Amino acid sequence: MLRPLVALSAPIVFTQLLQVVYNLVDTFWVGRLGGDAVSALSFSWPPVFVLISLGGGLTLAGSVLVAQHKGAGNLERVNEVAGQTLAFVTLFSLALGAVGYLLAPAFLRLIGAEPGTTVFAYSLEYMRVIFLGVWFMFGFFVFQSLLRGWGDTRTPMYLMAVSVAVNVVLDPVFIFGFADNPLFGILGARGLEADLLAATGFRGHGVEGAAMATILSRALATVPGVALLFSGRLGLSLSLADLRLERATVRKIIEIGYPASIEQSSGALSYTAMTAIVAVIGSTAVAAFGITARLTSFVFLPAVGLGMGVETAVGQNLGARRADRARKAVYLAVGMLVAAYVVVSAVGIYWARDIVGVFISGEEAGRIVDIGETYMLIVAPTFAFMGTFHVIKGCFNGAGNTRAAMVMSVTAVWGMQVVPAWILVTNFDMGTTGAWWAIAIMHVGSALIVGAWFLRGTWTDTVVEEDEPAAAPAD
């Protein structure tokens, strides 16, 4: 199992790392605008993340159904469930985008952004652009999820790499335009910048420009990706008829997907709640939390990617009635991940201050870096625990047991993180240190919960009907 698991998971891990580069690039360039701009990203992303997560669970359903039907040899059903997943999630994303655009001011007030401030204005601009183009984010998630279930993890990686490369260039251009753009300073091309400014007069859109660049870059991955699903060149070969929604298939998508949607949106809401708790301390603390949260997401996305690889391996092998191989894939993934995170944690602790300092400059940078350094010293030693959580959760998702993953995730992020953070910050007056300790507690506790549940061995059922034929064991 080691070779196919690595071959399947490595492109997913790299794709997930590329996904978070969007946020890191935004944070890096927006950080050149100062603390208010970074705080705006910290306030605006949680509500966006919540709504995106609601649809993310439905894309997971497509992956599970494609993987298990392929493993069971039901190839005629693969295109049908893939097409209906794409159609249903598209409708869902358009509705969420409209809701998000209209309710953006209310969301910001809910998490503590103060109307009338520069931070509020920046946050609102960023959120509304993202919501206008939200399908380009959902569309790629569906494309990636369906191909992951089929076993093709390389094609999404290639498209994402192109998209990220474009975003790295577009971000500073859309943020700063051709006036005092740090990119031209780095490239030593101030003369070219002056010529472009004289020709266009374009001075950028600030924080809003970061959102514009992100959506345009996402579109460059999503549109070709969806087109490839209909081309037949990737194994899947969708037709317009496959987009016609059928009640039984939609019910199955919702049945598998809604617990994952609740789980992912609950995690996003917990991030929103943590932002609100940290906002009680002050805007400087929010800026530090925004930077460290993006750094942490960068660290954990390899675990999330490996968990997705486990999801596919478990789904295909359970579809083929090979629970032994599914279990072996989980053990191998956990072993690899723990070994890697021992090194990552050491790097995070030793270079904590330098790492945080890359993403902020300006008047308040010193204080923000101090807070971020404390975060790394407390949370970095627990990285291996959270990585283990994501891998084993991928096992439950691959089995179609998304309810178990939901229960464990909700218990962890709210019972072990948000509530303790609120108590430590408000009742014990520990400031950001209390919030950081709550995150560390959640990492350790969540790993213990999923480990105990996994060892029970009750996760090996399949969502494929018993009367459908089984195929040879999946690789």
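This is a predicted model: local features need pLDDT of at least 70, side-chain atom pairs count only at pLDDT 80 or more; totals for chains, interfaces and linings use all residues.

Biologist: Now the spaces. How many cavities of 30 Å³ or more turn up in the whole structure?

Modeller: A cavity is a space where the probe fits but cannot get out. Searching the whole structure gives three of 30 Å³ or more, and the largest cavity holds about 1,600 Å³ of space.

Biologist: Which residues lie nearest the centre of that largest cavity?

Modeller: Phe-49, Ser-297, Leu-301, Val-304 and His-390 do, out of 49 lining residues. Several helices supply at least two lining residues each, including H1 (2-30), H2 (35-71), H10 (247-279) and H17 (431-456). Helix H11 gives the largest share, eleven residues.

Biologist: And how does that lining divide by residue class?

Modeller: The lining of the largest cavity has 23 nonpolar, 20 polar and six charged residues. At least three of its residues come from each of domain 1 and domain 2.

Biologist: What about pockets? How much space lies in the largest one?

Modeller: A pocket, unlike a cavity, is an open set of points. The largest pocket here holds about 390 Å³. Its lining has 22 residues, with Phe-298, Val-299, Pro-302, Tyr-341 and Val-344 nearest the centre. The elements giving two or more residues to that lining are H1, H11 and H12 (323-350). By class, the largest pocket is lined by 20 nonpolar, two polar and no charged residues.

Biologist: Which residues line the second largest pocket?

Modeller: Among them are Phe-43, Glu-114, Phe-120, Ala-279 and Val-286. The second largest pocket has a volume of about 160 Å³, and H4 (118-132) and H11 each supply at least two residues of its lining. The classes are six nonpolar, four polar and one charged. Domain 1 and domain 2 each contribute at least three residues to the lining of this second largest pocket.

Biologist: On to the packing. Which residues have the most contacts inside the largest nonpolar core?

Modeller: Val-314, Trp-436 and Trp-459, in a core of 142 residues. H11 gives the largest share of this core, 17 residues. Domain 1 and domain 2 both give residues to this core, so it lies between them.

Biologist: Zoom in on Trp-436: what is it in contact with beyond its neighbours within four places in sequence?

Modeller: Trp-436 contacts Val-278, Phe-289, Ile-371, Thr-374, Tyr-375, Ile-378 and Val-379.

Biologist: Where is Gly-451 found, and is Gly-451 buried or exposed?

Modeller: Gly-451 is in helix H17. With a relative accessible area of 18%, Gly-451 counts as buried. Its C-alpha atom is 9.4 Å from that of Lys-393, a residue 58 residues apart from Gly-451 along the chain.

Notes
Residues are numbered from 1 along each chain as its sequence is written. Side-chain values use heavy atoms; hydrogens and water are left out. On a 1 Å grid over the protein atoms alone, a cavity is a set of points where a 1.4 Å probe fits but cannot get out, and a pocket is an open set with protein on both sides within 12 Å along at least five of seven lines; lining residues have an atom within 4 Å of a point. Grid points are joined across faces, edges and corners, and a volume is the space filled by probe spheres set on the points. Helices (H or I, at least four residues) and strands (E, at least two) are DSSP runs, numbered from the N terminus. Ala, Val, Leu, Ile, Met, Phe, Trp, Tyr, Cys and Pro count as nonpolar, Asp, Glu, Lys and Arg as charged, and the others, Gly among them, as polar. Domain bounds come from an automatic or database domain assignment. A nonpolar core is a set of buried Ala, Val, Leu, Ile, Met, Phe, Trp, Tyr and Cys residues joined through side-chain atoms within 4.5 Å. Buried means under 20% relative accessible area, exposed over 50%, partly exposed in between (1.4 Å probe, protein chains only). Contact means heavy atoms within 4.5 Å.
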